[in-house]
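Please study the sequence and the three-dimensional model shown here before reading on.

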Amino acid sequence: MKLCDVLRQYRWAIRVGVRELAAEIGCSASTLSRIERGHLPDGTTLALILLWLLKKETPRRDVPLDILAEGVTVLLSVMAGFLLAMLI
């Protein structure tokens with residue numbers, strides 16, 4: 001699963017708009033919209049999304065846990081690739 005899919009599925013599951021979720025994450029709505037369309041975020045935004053996902057200790061009952069778990073897995077994979085690219 002891709003980061004864009006994880007974010008979109010989570011947003012749809014909790015029934016919020018792009019602006020509302022972007023505010024919760026700490027990025028702009030246009031940035032979140034670009035990410036949901038498949039663009040990779042910069043390092044700062046990637047870190048914000050990872051921190052936001054990791055703060056979901058008590059997820060909403062209407063959101064399947066597999067979406068959150070998949071989100072953390074995808075983000076860690078993306079961050080590892082990002083860090084590896086910086087080293088090369």
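Leaving aside its neighbours within four places in sequence, with which residues is Thr45 in contact? Thr45 touches Cys27, Thr31 and Ile35, where contact means heavy atoms within 4.5 Å. The model is a predicted one, in which local features need pLDDT of at least 70 and side-chain atom pairs count only at pLDDT 80 or more, while totals for chains, interfaces and linings use all residues. Residues are numbered from 1 along each chain as its sequence is written, and side-chain values use heavy atoms, with hydrogens and water left out.

Thr45 is located in helix 4. Helices (H or I, at least four residues) and strands (E, at least two) are DSSP runs, numbered from the N terminus. The relative accessible area of Thr45 is 9%, so this residue is buried. The term buried stands for under 20% relative accessible area, exposed for over 50%, and partly exposed for values in between (1.4 Å probe, protein chains only).

Helix 4 also holds Ile49. Because its relative accessibility is 0%, Ile49 counts as buried. From C-alpha to C-alpha, Ile49 and Cys27 are 8.6 Å apart in space, although 22 residues separate them in sequence.

The chain as a whole may now be considered. It contains five helices and zero strands, and its pattern along the sequence reads α-α-α-α-α. Of the 88 residues in the chain, 35% are buried. Among contacts in the chain with a separation of 6 or more, 62% are between residues 24 or more positions apart.

How are two packed helices described? The description uses the angle between their axes and the distance between the axes. Axes are lines fitted to C-alpha atoms, for helices over the stretch in contact, and angles run from 0 to 180 degrees between N-to-C directions. For helix 1 and helix 4, the axes come within 13 Å and cross at roughly 45°. Helix 1 is therefore oblique to helix 4; angles under 35 degrees count as roughly parallel, over 145 as roughly antiparallel, 65 to 115 as roughly perpendicular and the rest as oblique. The crossing of helix 1 past helix 4 is left-handed, a term used if the near helix is turned anticlockwise from the far one by less than a right angle, whereas clockwise gives right-handed. Leu3, Leu7 and Tyr10 of helix 1 make this contact with Leu46, Ile49 and Trp52 of helix 4. By class, the contact of helix 1 with helix 4 has six nonpolar, no polar and no charged residues. Here Ala, Val, Leu, Ile, Met, Phe, Trp, Tyr, Cys and Pro count as nonpolar, Asp, Glu, Lys and Arg as charged, and the others, Gly among them, as polar.

Rings of Phe, Tyr and Trp (its six-membered ring) pair if their centres lie within 6.5 Å; planes under 30 degrees apart count as stacked, over 60 as edge-to-face and the rest as tilted. By this rule there is one aromatic pair. The ring centres of Tyr10 and Trp52 are 5.1 Å apart and their planes stand at 85°, so the pair is edge-to-face. Because Tyr10 lies in helix 1 (residues 3–14) and Trp52 in helix 4 (residues 43–54), the pair ties together parts that are 42 residues apart in sequence. Both Tyr10 and Trp52 are buried.

Another pair of helices gives a further example. Helix 2 and helix 3 pack at an angle of about 105°, and their axes are 8 Å apart. Helix 2 is therefore roughly perpendicular to helix 3. In helix 2, Val18, Arg19, Leu21, Ala22 and Ile25 meet Ala29, Leu32, Ser33 and Glu36 of helix 3. The classes in the contact of helix 2 with helix 3 are six nonpolar, one polar and two charged residues.

Two residues of helix 3 can be set side by side. Ser33 belongs to helix 3 (residues 29–36), and its relative accessible area of 25% makes Ser33 partly exposed. Glu36 also belongs to helix 3, but Glu36 is buried, with a relative accessible area of 6%. Beyond its neighbours within four places in sequence, Glu36 is in contact with Cys4, Leu7, Arg8, Arg11 and Val18.

Finally, Arg15 is found in the loop between helix 1 and helix 2 (18–25). Arg15 is exposed, with a relative accessible area of 70%. Its phi is near 55°, a positive value in a residue other than glycine.
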